[in-house]
Amino acid sequence: MLGQMMDDALTITSIMKFAMKVFPDTEIVSVTGDNPRHRSTFGKAFTRVHQLANALSKLGCAPGDRIATLAWNDYRHFELYYGISCSGYVCHTINPRLFPEQVSYIVNHAEDQWIFVDPAFLPMLEQLQAELKTVRGFVVLTSKAAMPETSLNNVRCYEELIEAEADSFTWPELDENSASSLCYTSGTTGNPKGVLYSHRSTVLHCLGTNTKDTLALAPDETIMPVVPMFHVNAWGSVYGAAMAGTKLVFPGPKMGDGETLATLINEEGVTFALGVPTVWLALVNYLQESGSKVESLQRLVVGGAACPRSLMEAMDAYNVDMHVGWGMTEMSPLGTYNTLLPWMHDLPEDEKFAYRLKAGRLIYGVEMRIVDEEVNELAWDGKVSGRLQVRGPWICKSYYKLEDSDAHLPDGWFDTGDVATIDQYGFMQITDRTKDVIKSGGEWISSIDVENAAMGHEDVAEAAVIGVPHPKWTERPLLVVVKRPGSEPQKADLLGYLDGKIAKWWIPEDCVFVEEIPHTATGKVSKKDLRELFADYSY
Ligand code: AMP
């Protein structure tokens, strides 16, 4: 027997229509290349989204077309998210930090028709133009007055394009399973792979991640997504804010700049911000050097990489509660979120930190398990680690145009490529990526734990750990360190510092100092490049 309830489609259009009616005056504040503080509202932005939809239709876009963005976090990018997806096209957000050849690969693979580009990224496109086989033209995200010279063919100016258009549009009735956006994830081997989100997966992810114990977006919050909008839809925050009536503050091109972040937080009353550890390190460094405070900021979510204890302690000193979240491009992205259980608040400091630093507990809608090499499920005892696998309605079923090489295991689970433990209370902890694990004498060493311990040393700006060959133990960890400017830490001193903080046999035998640790386009340590750098090293 079927239920007798309405089956209205779960679409991004429904979020837009809701926010326009219920939260028209909620603000959207942005830093852009042509305006240090632009102010808009959901009402104004969605009116422009109607104009944009008319313009897109005149550009000849057809249902399902991939329309690309190469842009920072700001109000125009916000408008594109909605204008493209609600019109029935696919918003393909491209990471401008990728190598140019990766950008041309993914534009061609996605068969993008138009590219909406921030002026800062024009030189890259000018260089690539001849290779972009399907692109019909480019729209520069700026005003007529600020329109730069460019050698690109068929170029429009965003503000000119939309200003002439009507502010009414008949939105198509979309199937909730139709594609809404596309984001490529670059693995360490092979070409980047496309994750194609649907309207339904996006709405469910927003609903699932907005409980009180998770993102808890509401009209009395002001959020600043420092996670880029070209990386997994800014962790869904841009949709969630419209659904919850939350003021949005976009840092534009200044997202790595501690001073701009602090100024925006203080002047716009940001209560909650989202980003990777690197940006919070930049903020803390600025606060410590300048003596500034961030009094409105109550909480941060940190994800994308493990959070060092030293960072969480530094934020505690500013009364900012840091919550670790875990997920990936293939998961929209959120799968777990760290909020302590009520009784854990009374634990001694060290025990409390041990829980707070984990990746957190499952969000309703996602299932997870850890398994061994034979796919036997492992215990949730906080000790045994295994391959982390997930499933759920906002997790990718197969990669775009790679449907045959199904992303899933035969029994329907998705292998995340992460290695993790899960404790008896359901707190998951990432110990490594499958391809980064260090196996020493047959036992796994968590490179993340060693890195985080080393990051606690006051002379360490950044630390990374890789496995290198060892005659007796097959592999041993090697600690690679970038010194804090002005400091001269000694090897023995650093390695000695780890004593008592991690298992004795996890302490690396050696530590090398480098000027810089290589990073991927999403700002994570590139272990692959690091391993190449130390390919000749052996114990
Ligand atoms: P991406 O698809 O680029 O967002 O990267 C996803 C990967 O980032 C995950 O598979 C993890 O390896 C890593 N990651 C994300 N969140 C965390 C976290 N809280 N702790 C450790 N690693 C994380």
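1. Let's start with what counts as an element here: helices (H or I, at least four residues) and strands (E, at least two) are DSSP runs, numbered from the N terminus. With that in hand, have a look at Pro 333, which sits in the loop between β14 (321–327) and β15 (334–337). The peptide bond that joins Ser 332 and Pro 333 is cis, with omega about 10 degrees.

2. Before you go further, a word on the source: this is a predicted model, where local features need pLDDT of at least 70, side-chain atom pairs count only at pLDDT 80 or more, and totals for chains, interfaces and linings use all residues. Residues are numbered from 1 along each chain as its sequence is written, and side-chain values use heavy atoms, with hydrogens and water left out.

3. Another backbone spot to check is Val 232. Its phi is positive, about 50 degrees, although Val 232 is not a glycine. You'll find Val 232 in helix α8 (residues 232–235).

4. Now for the helix pairs. Two packed helices are described by the angle between their axes and the distance between the axes. Axes are lines fitted to C-alpha atoms, for helices over the stretch in contact, and angles run from 0 to 180 degrees between N-to-C directions. Angles under 35 degrees count as roughly parallel, over 145 as roughly antiparallel, 65 to 115 as roughly perpendicular and the rest as oblique.

5. Take helix α1 (residues 12–22) and helix α2 (residues 42–58): their axes come within 9 Å and cross at roughly 135 degrees. That makes α1 oblique to α2. In the contact (heavy atoms within 4.5 Å), Met 16, Ala 19 and Met 20 of α1 meet Gly 43, Phe 46, Thr 47, Val 49 and His 50 of α2. Sorted by class, the residues of this contact of α1 with α2 are 5 nonpolar, 3 polar and no charged. For those classes, Ala, Val, Leu, Ile, Met, Phe, Trp, Tyr, Cys and Pro count as nonpolar, Asp, Glu, Lys and Arg as charged, and the others, Gly among them, as polar.

6. Which residues of α1 meet α9? They are Ile 12, Ile 15, Phe 18 and Ala 19, and on the α9 side you'll see Tyr 239, Ala 242 and Met 243. The contact of α1 with α9 has 7 nonpolar, no polar and no charged residues. The two axes come within 8 Å and cross at roughly 40 degrees, so α1 and α9 are oblique to each other.

7. Next, helix α3 (residues 75–86) and helix α9 (residues 237–244) have axes that come within 11 Å and cross at roughly 85 degrees. That makes α3 roughly perpendicular to α9. Phe 78, Tyr 81 and Tyr 82 of α3 make the contact with Val 238, Tyr 239 and Ala 242 of α9. By class, that's 6 nonpolar, no polar and no charged residues for α3 with α9.

8. Last, the ligand. For Arg 433, a side-chain N or O atom is 2.8 Å from an oxygen atom of the ligand. Gly 304 takes part through its backbone, with a polar atom there 3.1 Å from a nitrogen atom of the ligand.

Key:
Polar contact = N/O pair within 3.5 Å; in protein donor to acceptor, adjacent residues only side chain to side chain.
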